[in-house]
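Biologist: I am new to this structure. Could you show me how to read it, one feature after another?

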Amino acid sequence: MTFAVRLLAIAALAAGTLGFTATASAQNKVNLGVAIPAATHGFTGGIVWWAGEAKKELEKKYPDLKVTIKTAANAGEQANQLQDLVTANKINALVVFPFESAALTKPVAQVKAKGVYVTVVDRGLTDTSAQDAYVAGDNTAFGKIPAEYLAKALGGKGNIVALRGIATTLDNERMDAFNSVMKNHPDIKLLDAKYGNWNRDDAFKVMQDFLTRFKQIDAVWAADDDMAVGVLKAIDQAKRTDIRIVFGGAGAKGMVKTLIDGKDPRIQANVSYSPKFIYDAIKLTAEARLKNEKLPATTIIPSVLITKENAKQFYFPDSPF
């Protein structure tokens, strides 16, 4: 990325340092559209839930704000919803979590060309000129932290297989970060990396293929907690005992609870990446536009290593994810 990164802008906002307060007088009417993927797996289920929480809270707090949420099952449906938000809902601000990067870049650019303020969340576009602001988790750390953990846990030697998400810029960032660490460990072999689409059923099939092709696997970078569930199921069905570590990601409550309880020795660590950032992105965008202000070009929410020692800080039993 070539644009400036400003860490912890959300924390600064929460502290009121950017000047947004609950009692601030809104200067503008803001009609905010939110376009997000449907709840097809645990993480997007969390995205949908947190978007709804933002709508309830912010519309109650700001009378001049209206929030319209659209959920899509695929990239084509989301592109059509963007057109509807402009023509039917008459939005003047948009928060979009692109279903896919390349497929949604042109539709988002067309929305921006209509004068709509655009905040892109998590899955970046292939052309950043199509957006005004970008809010995301730390995808570099999301790939780097598991690689560093696995390299240390394996003593710098072993066989790893990896699962990727959906073909997006963030998935590329994660994989590039993972590979950059592994280059420093020549005795660790990455046998293969295939897309599991952040879906446990697809991940189950990918892992079945890995288990058939590779007779010795020491660790799996599942790169997502839903995919880790599918991976574990495939391993158990195959009765394979060679795999010592399955590293998921995003800190789903079920996986964090397993870590806390020590129920599965293959689950030793995780990396944070909460779907709550859609709530933060909606709040940041709404409050900025009510003040006729802009967000920083980029806001990155840090990812950190979760182990048994600090797991309770990341366990939220009331969350859907």
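Biologist: Where does T307 lie?

Modeller: T307 sits in the segment after β13 (305-306). Helices (H or I, at least four residues) and strands (E, at least two) are DSSP runs, numbered from the N terminus. A word on the source: this is a predicted model, where local features need pLDDT of at least 70, side-chain atom pairs count only at pLDDT 80 or more, and totals for chains, interfaces and linings use all residues. Residues are numbered from 1 along each chain as its sequence is written, and side-chain values use heavy atoms, with hydrogens and water left out.

Biologist: Is T307 buried or exposed?

Modeller: Buried means under 20% relative accessible area, exposed over 50%, and partly exposed in between (1.4 Å probe, protein chains only). T307 has 17% relative accessibility, so T307 counts as buried.

Biologist: Which residues does T307 touch?

Modeller: Contact means heavy atoms within 4.5 Å. Not counting residues up to four places away in sequence, T307 touches L259 and Q268. Look also at N270: it is 37 residues from T307 along the chain, and their C-alpha atoms are separated by 6.5 Å.

Biologist: How do I read the chain as a whole?

Modeller: Begin with the elements. The protein chain has ten helices and 13 strands. Its C-alpha atoms fill a box of roughly 65 × 40 × 35 Å, taken along the principal axes. Then take the radius of gyration, which is computed over C-alpha atoms; the globule rule is 2.2 Å times the number of residues to the power 0.38. A compact globule of 321 residues would have a value near 20 Å, and the protein chain has 20 Å, so the two agree.

Biologist: How many of the contacts link residues 24 or more positions apart?

Modeller: Take the contacts with a separation of 6 or more. Residues 24 or more positions apart account for 74% of them in the protein chain.

Biologist: What about surface and charge?

Modeller: Accessible areas come from the Shrake-Rupley method with a 1.4 Å probe; for residues, only the protein chains shown count as cover. The protein chain has an accessible surface of about 14100 Å², and 51% of that belongs to carbon and sulfur atoms. Buried residues make up 54% of the 321 residues. For charge, Lys and Arg count as positive and Asp and Glu as negative; His and the chain ends are not counted. The place of a charge is NZ of Lys, CZ of Arg, CG of Asp or CD of Glu. There are 40 positive and 33 negative side chains, and the centres of the two sets lie 1 Å apart.

Biologist: How do I find a core?

Modeller: In soluble globular proteins, nonpolar side chains tend to be buried together. A nonpolar core is a set of buried Ala, Val, Leu, Ile, Met, Phe, Trp, Tyr and Cys residues joined through side-chain atoms within 4.5 Å. The largest here has 80 residues, and L32, M207, V246 and I278 have the most contacts inside it. Helix α10 (residues 277-290) gives the most to this core, with nine residues. Another core lies apart from it, with 21 residues, including I91, L104, V118 and V120.

Biologist: Which residues is V246 in contact with?

Modeller: Leave aside its neighbours within four places in sequence. V246 is then in contact with V220, A222, A228, V231, L232, I235, R266 and I267.

Biologist: Where is the place of F277?

Modeller: F277 is in helix α10. F277 has a relative accessible area of 2%, so F277 is buried. Beyond four places in sequence, F277 touches F43, I47, F97, V121, D122, V135, G137 and I301. F277 and V121 are 156 residues apart along the chain, with their C-alpha atoms separated by 8.1 Å.

Biologist: How should I read phi?

Modeller: Most residues other than glycine have a negative phi, and most peptide bonds are trans. W198 is not a glycine, yet has a positive phi of about 55°. W198 is in the loop between β8 (188-195) and α7 (200-213). A250 is not a glycine either, and has a positive phi of about 105°. A250 is in the loop between β10 (245-247) and α9 (253-261). W198 is buried, with a relative accessible area of 5%, and A250 counts as buried at 6%.

Biologist: Is A39 buried or exposed?

Modeller: A39 counts as exposed, at 51% relative accessibility. A39 is in the loop between β2 (30-37) and α2.
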